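Please read them with the structure open.

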Amino acid sequence: LTAYLNGRYAPLGELSVSVLDRGFLFGDGVYEVIPVYSRHPFRLEEHLKRLSGSLAAIGLADPHTPAQWAGLVAGLIERQPFDDQSVYLQVTRGPAYPRNQAFPEPPQPTVFAFADPLPAPPAALVEHGVAAISQPDVRWGRCNVKAISLLANVLARQASVDAGAAETILFRDGLLTEGAASNIFVVAGGRIVTPAPSTRMLTGITYDVVIELARLHGLPLQIREVHEDEVRGADEIWLTSSSKEILAIVTLDGTAVGNGVPGPIYRQMHHHYQQFKVGRMRP
Ligand code: PMP
């Protein structure tokens, strides 16, 4: 695997950063994950826009223009031996000494990127759905920033692994926020319902695509607060993310969601998403 660090491409195993890097010491940085299909980055502009928004939110000057970012990503993609990829980009506030929470002036940001093979979600998961558990959302108040400090997400996601489930759905003050690593949609009363973007969740690129597709295909959609009991009583629950696309959640905390199988609206949306993806694979 060829990766990228601060201006050069090299084998992933040969790259390292300083132990004084603020990403390592403080989790002081932001990241992006961009799916690539047939060597075409999917929604690249939107991902780069979210990255620059995350950088602005942490007060770190963007080290690259959008064109430079696009060039960096293209350079990484062409160096991989596989066509479908997951491109990871990370920018930290770089190494600084002595250790001090306050920003170094000027910062020397660390820019790191690598690409993994991106297998399509297994057909069995699409066909049969996945299990989820739930937990209180104990994260900080700026979940809209795609920050690398992910300890609360890590613990929430591991809880689902320990429970043999695929995701942990988070609730704050009786309201749905999102999953540990995904956004959540429900189908209730024949409508697709999902929370509006806020500081309580990351606005997923996949979330935006699903909303766009619902509108395009005239599926009833409400973007509003979603109460925990609506989720528990929903006919369908879906999770969305760049790597998992759209998966139906068929059990929540051990209880069947709807009929316990992926629902009809899920099947429609999954089909629309696949069509949309294929349409975007060609330049
Ligand atoms: N919320 C969280 C907390 C995430 O980590 C992610 C990405 N894995 C998402 C939502 C989904 O975002 P996207 O659709 O851009 O992958």
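1. How far apart do the C-alpha centres of domain 1 and domain 2 lie? They lie 26 Å apart. Domain 1 covers 2–117 and domain 2 covers 123–281; such bounds come from an automatic or database domain assignment.

2. A word on the source. This is a predicted model, in which local features need pLDDT of at least 70, side-chain atom pairs count only at pLDDT 80 or more, and totals for chains, interfaces and linings use all residues. Residues are numbered from 1 along each chain as its sequence is written.

3. The domain contact. 21 residues of domain 1 are in contact with 14 residues of domain 2 (contact: C-beta atoms, placed from the backbone, within 7 Å). On the domain 1 side, β3 (29–37), α2 (44–57) and β5 (85–92) each give two or more residues. The largest share, 7 residues, comes from β3. By class, that side of domain 1 has 8 nonpolar, 9 polar and 4 charged residues. Here Ala, Val, Leu, Ile, Met, Phe, Trp, Tyr, Cys and Pro count as nonpolar, Asp, Glu, Lys and Arg as charged, and the others, Gly among them, as polar.

4. The whole chain. The protein chain has 8 helices and 15 strands. These are DSSP runs, numbered from the N terminus: helices are H or I of at least four residues, strands E of at least two. The C-alpha trace spans about 55 × 40 × 30 Å along its principal axes. Of the 283 residues, 40% count as buried (20 or more other C-beta atoms within 10 Å of the residue's own, with C-beta atoms placed from the backbone). Among contacts between residues at least 6 apart in sequence, 71% join residues at least 24 apart.

5. The ligand shell. Which of the 14 residues around the ligand come nearest? They are Leu202, Gly204, Ile205, Thr206 and Ser242. A residue counts as near if its C-beta atom, placed from the backbone, lies within 6 Å. The largest share, 3 residues, is from α6. The shell has 5 nonpolar, 8 polar and 1 charged residues.

6. Val187. This residue sits in strand β10 (residues 183–188). Is Val187 buried or exposed? Val187 is buried, because 23 other C-beta atoms lie within 10 Å. Leaving out residues up to four places away in sequence, Val187 touches Ile192, Ala234, Asp235, Glu236, Gly263 and Ile265. Pro264 is 77 residues away along the chain, yet the C-alpha atoms of Val187 and Pro264 are separated by 10.0 Å.

Note on methods. Buried ≥ 20, exposed ≤ 12 C-beta atoms within 10 Å, placed from the backbone. Contact = placed C-beta atoms within 7 Å.
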